[in-house]
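Try each task before you read its solution.

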Amino acid sequence: MNYKQLKSSHGGQRQGAGRPKTPQPKQSISVRLPPDIIAWLDSQSDNRAVTIEKLVRARKNEQLDMFG
């Protein structure tokens with residue numbers, strides 16, 4: 001039997017299959033922080049990334065409020 005005639009049991013690529021792409025995906029960066037800051041981040045209820053994002057957004061909004 002010809003292998004090309006066998007139908008694969010795997011789904012294959014279909015239009016619309018899989019997770020939809022986000023319009024603006026987050027990007028990964030690396031930041032070096034002192035141990036005391038890392039300890040404080042770890043003591044927060046959210047994970048490090050969420051806490052850092054909240055702090056940066058708050059600071060960004062603070063600056064925007066000063067000029068707007």
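**Exercise 1.** Find the helix that holds T51, then decide whether T51 is buried or exposed.

Step 1: T51 sits in helix 2, where a helix is a DSSP run of H or I with at least four residues, numbered from the N terminus. Keep in mind that this is a predicted model, where local features need pLDDT of at least 70, side-chain atom pairs count only at pLDDT 80 or more, and totals for chains, interfaces and linings use all residues. Residues are numbered from 1 along each chain as its sequence is written, and side-chain values use heavy atoms, leaving out hydrogens and water.

Step 2: T51 has a relative accessible area of 8%, so it counts as buried (under 20%; exposed is over 50%, partly exposed in between, with a 1.4 Å probe and protein chains only).

**Exercise 2.** Which residues does T51 touch, leaving aside neighbours within four places in sequence?

Step 1: Look for contacts (heavy atoms within 4.5 Å); T51 has them with W40, L41, Q44 and D46.

Step 2: Take L41: ten residues separate it from T51 in sequence, and their C-alphas are 7.0 Å apart.

Step 3: Now take W40, which belongs to helix 1 (residues 35-43). With a relative accessible area of 40%, W40 is partly exposed. Beyond its neighbours within four places, W40 is in contact with T51 and L55.

**Exercise 3.** How far does helix 2 reach from its first C-alpha to its last?

Step 1: Helix 2 covers residues 48-67, which makes 20 residues.

Step 2: Its reach is 29 Å, close to the expected 28 Å (1.5 Å times one less than the number of residues).

Technical notes
Helices (H or I, at least four residues) and strands (E, at least two) are DSSP runs, numbered from the N terminus.
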